[in-house]
Amino acid sequence: MLEMETEEAVEFIAEWPPPMKRVRCDAAPSNNRPHFNTAHEPEDVQLFEEKPIISPEEVLLAESDSSLSVDRVLAKWWKSKDSSTYAAQIANMSSNPNTQLHYIARLPQAQRFLKHRYNFLRKEAIRYPRPGLYTALASCSQKLGHNKEGAEYCQQALRWMLKDREACCPKTQEVGSPKEREVGVYLQEDGPKMEVGTSEINEVQWLLNVLLRQADVEEMARSMQVKGCVPRGVVSVMPVPIEVERRCHEQLSCEEFYTKYACGHIPVIITGLVSHMTSTPWTLDHIKKIIGEKLAPLKRVVPSSVEWAKLEPAGVSTVQEFIESLDTVSDADMKYLFDWSLPLHCPDLMKELQLPIYFADNLLQQTPPGTLYHDSWPSLFIAPKGLCSELHVDAFGSNFWMALFEGRKRWLLFPPADLPCLYPMYTHSTDASFQVNLAAPDLSLHPLLTLTHPWECVLQPGELLFVPSGCPHRVENVEKSLAISANFVDRPNIAKVLEELKINALMDDRSADLLEALQSI
């Protein structure tokens, strides 16, 4: 828990900081401030039932400070409740605030509270329309599952922010780079100084992208159901996966790999290659000998998590202790040494490694040293038997490959076009989490799974798997395993990468630097 700076701060529930900063709500319009009409209201927006059944104390909280983000208000509500019925379940489920808040928001009493909060914000926006209220309404709509409506509120907030800028007289002295001038200060001729900042606009644009992603996949899923793609009254089964093709590296030229697999966005297993990648054979014993004393962060799988691949932090361990625990760890205590950068943390191992020529045109390596992801990969993966990284899509539109040295891994992959059929969920990130259980799919709950086009393989020691950008995948460690992996960018996926980085750059300066570097290549 974070320490509270003052007693007053306790009511803001610092244990759950929101993903976005405190929402900026400008003062109500005055005679000195331009007041715009509300010509761009979200279409078909209705207030929820006028009086959701909540207690007087909850009403006071729901109608409190409109500048607080929905996450903070929801956390305050949870702390104010006698929630012993659910508290133990949440504590056992996850210590991750995003996962906890997602669970809390779906409770029936939380939905009633959020509806009252929505009604309050909506009435305030009708009386005194201003950007901060529309942003708060967007976040509240997201928690209530109304993503299209939330996107419309974001667009309304952005329109008002731009009007604010146009209506105010700029009197700033622009000094330094655009980043040094991140917040533009504008002065009204007859009013107080106000800030209409790039950072504030970027936050709303980022939220808009999250909401649109969720709304788009939901609309595509509804369209498939309306068109009758999912048969009714028929016993449904998952499609039989297609086996991923295997190619011997001696018969696979770089040109064929590029044209057939990279440009064709088709996964492929390259055999006979991994043994040539290291100057000495890589085994778990060898890894333990070279870097056994190093401390590495671990992950654990949380079935109810809303984080990427359902992986959440699980402390640290020396590499030696972790490897020695692989044969004795119980199912409940399984952890994963996952995606640990070799260039950054294990330079001695990097000296033994030579990367395959198929990935020589990695544009990330052509960016200036120190740029985001320039030194992130390849990375190390060590897992016990039975551990799974659940369904996920690798970030920022990148391709990736994995080389397996020990053990076996069962992969289930899907083409990018199958994404809406896999029930993705965008809660606090532009990277999706998935609530489907592919180990035991419930087709009555997730019928669109029957429309997917899966690939499958069991990756063997000495094999390398190429996975194209945007492919959702789930990985099960059939045996304890040792592998390395690397994300990369090349010509076939550069357009998608730039598209993703433009969104990431709204909230992250290093993504903005990488975007600029890749655009200049």
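Let me begin with helix α6, whose buried residues are P131, G132, L133, Y134, T135, A136, L137, A138, S139, C140, S141 and Q142, where buried means under 20% relative accessible area, exposed over 50%, and partly exposed in between, computed with a 1.4 Å probe on protein chains only. Before I go on, please keep in mind that this is a predicted model, in which local features need pLDDT of at least 70 and side-chain atom pairs count only at pLDDT 80 or more, while totals for chains, interfaces and linings use all residues. Residues are numbered from 1 along each chain as its sequence is written, and side-chain values use heavy atoms, with hydrogens and water left out. The helices (H or I, at least four residues) and the strands (E, at least two) are DSSP runs, numbered from the N terminus.

To stay with α6 for a moment, this helix covers residues 131–143 and reaches 19 Å from its first C-alpha to its last, close to the 18 Å expected at 1.5 Å a residue, the expected span being 1.5 Å times one less than the number of residues. Of its 13 residues, 12 are buried, and just after the helix G145 takes a positive phi of about 85°.

Is E124 buried or exposed? E124 is buried, with a relative accessible area of 16%, and, leaving aside its neighbours within four places in sequence, E124 is in contact with P129, R130 and L133, contact meaning heavy atoms within 4.5 Å.

Now to the cores. A nonpolar core is a set of buried Ala, Val, Leu, Ile, Met, Phe, Trp, Tyr and Cys residues joined through side-chain atoms within 4.5 Å, and the largest one here has 60 residues, with L74, W77 and F434 making the most contacts inside it. Among the helices that each supply at least two residues of this core are α1 (56–62), α2 (70–80), α5 (108–127) and α6, and it is α8 that gives the most, with eight residues. If we leave aside neighbours within four places in sequence, L74 is in contact with L101, I104, A105, A110, L114 and K143. A second, separate core of 52 residues includes W282, F359, I494 and A505.

I494 brings us to helix α14 (residues 494–504), in which the buried residues are I494, V497, L498, E500, L501 and I503, and what covers them includes α8 and α15 (509–520). N209 itself is partly exposed, with a relative accessible area of 22%, and a polar atom of its side chain lies 2.8 Å from the backbone oxygen of Q205.

Let me turn to the strands, two of which pair if DSSP finds at least two bridges between them. Seven strands form an open sheet of mixed pairing, in the order β4-β5-β16-β11-β18-β9-β8. The edges are taken by β4 (246–248) and β8 (337–341), each of which has a single partner strand, so one side of each is left without a neighbour in the sheet. From one strand to the next the twist averages 25°, where axes are lines fitted to C-alpha atoms, for helices over the stretch in contact, and angles run from 0 to 180 degrees between N-to-C directions. Within this sheet, β11 (residues 399–406) and β18 (residues 481–488) pair in the antiparallel sense over seven bridges, with W401 standing opposite A486 in β18. Helix α10 (residues 284–291) packs on the sheet, touching β8, β9 (379–383), β11 and β18, and its direction makes about 120° with that of β9.

Strand β12 (residues 409–413) and β15 pair in the antiparallel sense over five bridges, in which the partner of W411 is C457 and that of L412 is E456. E456 is also the bridge partner of E243, and strand β3 (residues 242–243) is joined to β15 in the parallel sense by two bridges. As for β12, four of its five residues are buried, and five bridges join this strand to β17 (residues 473–477), which runs antiparallel to it, with K409 standing opposite N477.

Technical notes. A polar contact is a pair of N or O atoms within 3.5 Å; within protein, one must be able to donate a hydrogen and the other to accept it, and residues adjacent in sequence count only if both atoms are side-chain atoms.
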